[in-house]
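Biologist: I would like to learn how to read a model such as this one, step by step. Could we begin with how far to trust it, and then move on to its parts?

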Amino acid sequence: MEPWHVGDAGEPAVVEGVNGLWRVDPAQPAQPFAGRAAPLSRLDRLVHDRKRMVELFEFDYALEMFKPPAKRRWGYYALPIRYGDRLVGKLDATADRGGRVLRVDAIHEDVPFTAAATAAVTREIKDLARWLRLDLDLPARAG
Amino acid sequence: MIVHELSRRDARRIAARAQLLDRRRPAALLDVVRRLTLLQIDATAAVAPSADLVAWGRLGSSYAPAELTAGLEDRTLVELRGMIRPREDVALYRAEMAGWSTRTGMRDWQQHQGNWVRANDTCRRDILDRLEVDGPLPLSALPDTCQVRWGSSGWNDDRSVSMLLVSWCSAARSRPPAGTGANACGTWRAGHRPRARAGMPGGAVACGRRG
């Protein structure tokens with residue numbers, strides 16, 4: 001596993017509402033930012049440090065594949081959804097390779113998506129199906 | 001030195017840029033792995049295996065999983081302890097590996113494991129010979145001529161060959177398989193021209209990803 005400490009790289013920083021002393025590349029904070037939508041792997045390094053995920057993104061997420069189905073809130077293998085600089089929801093989807101379809105069971109919106117967010121997330125889900133070479137079964141109003 | 005004060009939003013944006021999740025997309029898989037430093041191997045494919053999903057999240061549908069397989073085949077990318085890393089980064093782990101045989105102050109279990117690997121040197125050579133002759137083989141096809149069996153009270157009991165290969169990885173004599181661990185499953189192969197390749201000391205065994 002990668003080390004969690006970066007040694008002397010960067011400069012010390014504190015982050016509002018987040019515990020601890022961090023290190024930052026001093027050139028970073030002033031850079032312009034343009035976000036986009038993306039469903040993430042549960043092992044994506046953006047969410048891998050769950051404590052940081054909670055404090056920085058105020059995001060509620062857990063892998064539920066080992067939970068009994070009745071106790072799942074977001075699905076067997078729900079993917080965190082990024083939009084802009086936030087984590088905004090979970091995509092509950094399954095690649096049904098036998099049925100040649102990417103089945104979207106739900107898009108959980110932590111706060112109701114704006115029209116722009118819905119369009120951006122839908123575009124990424126379509127790209128995901130295209131990449132998997134599967135048809136897309138997307139409920140008219142998933143979520 | 002001053003302590004920078006960042007808002008949560010600043011920090012989220014820095015994290016997103018560092019993870020290549022802003023609007024500028026990287027050009028190619030190797031750029032992604034170099035910037036992220038690793039792709040974690042996890043075979044759960046409810047949607048897609050994690051390493052592919054992470055790569056798709058950066059590159060979009062222009063990314064083909066075959067690129068990852070090809071990168072591992074041509075050794076632009078290597079597997080190390082369950083992570084896919086750029087080949088050049090193996091140098092970061094070599095000092096620790098190289099120090100294994102001459103280390104002092106080892107814990108009892110490390111001493112025990114080192115002694116056990118040395119006691120089974122004949123089996124190590126048998127495995128290398130077999131791979132040289134037959135080419136890549138799955139774990140189950142490797143000869144088990146261990147003179148001292150690996151015994152434990154649990155999962156790894158009597159898994160001598162897989163324990164030998166995993167121990168071997170710690171000492172930089174091999175490349176570890178996908179899903180590094182006692183039940184590691186992958187195709188093992190002998191390293192070619194081992195000294196010519198970064199991170200590969202002599203007598204190397206390499207492992208390709210399954211599937």
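Modeller: Let us begin with confidence: pLDDT is the predictor's confidence in each residue, from 0 to 100. What you see is a predicted model, and over residues 191–211 of chain B the pLDDT stays under 50, although the model has 60 contacts beyond four places in sequence for that stretch. Residues 172–186 of chain B also stay under 50, with 59 such contacts.

Biologist: How should I read such stretches, and where in chain B is confidence lowest and where is it highest?

Modeller: Where pLDDT is low, the predicted coordinates should not be read in detail. In chain B, the lowest confidence falls in strand 7 (residues 205–208), with a mean of 41, while the highest falls in helix 3, at 97. Over the whole of chain B the mean pLDDT is 77, and 74% of the residues reach 70 or more. For the complex, the predictor gives an ipTM of 0.93 and a pTM of 0.77.

Biologist: How many helices and strands does chain B have, and how do I check one helix?

Modeller: Chain B has 8 helices and 7 strands. Take helix 7 of chain B, residues 121–134, as the example: at 1.5 Å a residue, its 14 residues should span 20 Å, and because its end C-alpha atoms are 20 Å apart, the model agrees with that expectation.

Biologist: Which residues of helix 7 of chain B are buried, and which are exposed?

Modeller: A residue counts as buried if 20 or more other C-beta atoms lie within 10 Å of its own, and as exposed if there are 12 or fewer. In helix 7 of chain B, the buried ones are B:Cys123, B:Arg124, B:Ile127 and B:Leu131. Seen down the axis of helix 7 of chain B, these buried residues fall within an arc of 105°, so they line one face of the helix. On the other side of helix 7 of chain B, the exposed residues are B:Asp121, B:Thr122, B:Arg125, B:Asp129, B:Glu132 and B:Val133. After helix 7 of chain B comes B:Gly135, with a positive phi near 80°.

Biologist: How many residues does each chain bring to the contact between chain A and chain B?

Modeller: Chain B brings 38 residues and chain A brings 38 residues. On the chain B side, helix 1 gives the most, with 10 residues, and the residues of that side divide into 18 nonpolar, 10 polar and 10 charged.

Definitions and conventions: Residues numbered from 1 in each chain as written. Chains lettered and ligands numbered in written order. Predicted model: local features only at pLDDT ≥ 70, side-chain atom pairs only at ≥ 80, totals over all residues. Helix = DSSP H or I, 4+ residues; strand = E, 2+ residues; numbered from the N terminus. Expected span 1.5 Å × (residues − 1). Arc of directions from axis to C-beta. Contact = placed C-beta atoms within 7 Å. Nonpolar A, V, L, I, M, F, W, Y, C, P; charged D, E, K, R; others polar.
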